[in-house]
Amino acid sequence: MNALVAVKRRMPPLKLILVCVLIAILLLGYEYAKPVRTVHGHETHEFHVTAVRKKPGVQIPVLSVAQGDSVIVNISSNEPGMVMVHGVDEMPEVEPGRPTQFHMTAKTSGRFSLHLHAADGTQIEIATIAVLPQN
Ligand SMILES: [Cu+2]
């Protein structure tokens with residue numbers, strides 16, 4: 001009670017309100033950004049990528065997760081096609097203006113190609129999913 005009165009005396013009300021709003025924004029930002037922990041200690045990672053035809057030498061994104069984690073990739077594409085990681089059953093379709101979501105559980109460590117089989121028969125590399133081994 002005395003501390004609150006002391007704070008009120010030292011700080012004008014507008015400054016106090018601004019500090020409270022700033023703290024609320026920071027707490028909300030942390031809540032939104034922190035990984036979701038499951039009961040087994042694994043995390044759920046959500047990424048946003050766009051499938052575009054890359055020029056030679058241009059790097060594709062690397063999405064790093066740990067073995068056992070869940071992966072959600074939101075994918076936008078300039079071309080229609082089917083999203084795929086070989087060995088994962090889920091193969092959502094995507095088309096321009098209609099993003100899709102790809103889900104997988106990172107069961108095996110290694111580097112996996114997330115790619116688009118475009119409607120014209122070609123393949124577009126979207127990202128590499130790097131699954132780090134669990135200790
Ligand atoms: Cu494929």
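Trainee: Why does Glu-93 count as partly exposed?

Mentor: In this predicted model, local features need pLDDT of at least 70 and side-chain atom pairs count only at pLDDT 80 or more, while totals for chains, interfaces and linings use all residues. Residues are numbered from 1 along each chain as its sequence is written. A residue is buried if 20 or more other C-beta atoms, placed from the backbone, lie within 10 Å of its own, exposed if 12 or fewer do, and partly exposed in between. Glu-93 counts as partly exposed because its number of C-beta neighbours inside 10 Å is 14.

Trainee: In which strand does Glu-93 lie, and which residues is it in contact with, leaving aside its neighbours within four places in sequence?

Mentor: Strands (E, at least two residues) and helices (H or I, at least four) are DSSP runs numbered from the N terminus, and Glu-93 lies in strand E6. Two residues are in contact if their C-beta atoms, placed from the backbone, lie within 7 Å. With neighbours within four places in sequence left aside, the contacts of Glu-93 are Met-82 and Thr-100.

Trainee: Why is Met-104 buried, and what does it touch, not counting residues up to four places away in sequence?

Mentor: Met-104 is found in strand E7, and it is buried because 20 other C-beta atoms lie within 10 Å. Not counting residues up to four places away, Met-104 touches Val-71, Val-85, Val-88 and Glu-90.

Trainee: In what order do the five strands of the open sheet run?

Mentor: Strands pair if DSSP finds at least two bridges between them. The edge strands, each pairing on one side only, are E3 and E6 (93-94). The pairing in the sheet is mixed, and the order is E3-E9-E8-E5-E6.

Trainee: Over how many bridges do E8 and E9 pair?

Mentor: These two strands form a hairpin with four residues between them, and Gly-121 in the turn has a positive phi of about 95°. One of the bridges joins Phe-112 to its partner Ile-129 in E9. The pairing of E8 and E9 is antiparallel, and the number of bridges is eight.

Trainee: In which sense do E3 and E9 pair?

Mentor: The bridge partner of Val-62 in E9 is Thr-128. E9 and E3 are joined over five bridges, and the sense of their pairing is parallel.

Trainee: What is the bridge partner of Gly-81 in E8?

Mentor: Strand E5 (residues 81-84) and E8 run antiparallel and are joined by four bridges. For Gly-81, the bridge partner in E8 is Ala-118.

Trainee: Which residues touch the most other members of the largest nonpolar core?

Mentor: A nonpolar core is a set of buried Ala, Val, Leu, Ile, Met, Phe, Trp, Tyr and Cys residues joined through C-beta atoms within 7 Å. Among the 18 residues of the largest one, those that touch the most other members are Ile-75, Leu-114 and Ile-129.

Trainee: Which element gives the largest share of this core?

Mentor: The elements that give two or more residues to this core are strands E3 (62-66), E4 (70-77), E7 (100-105), E8 (110-118) and E9 (123-132). The largest share, four residues, comes from E9.

Trainee: What percentage of the protein's residues count as buried?

Mentor: The protein has two helices and nine strands, and from the N terminus on its elements run α-α-β-β-β-β-β-β-β-β-β. Of its 135 residues, the share that counts as buried is 16%.
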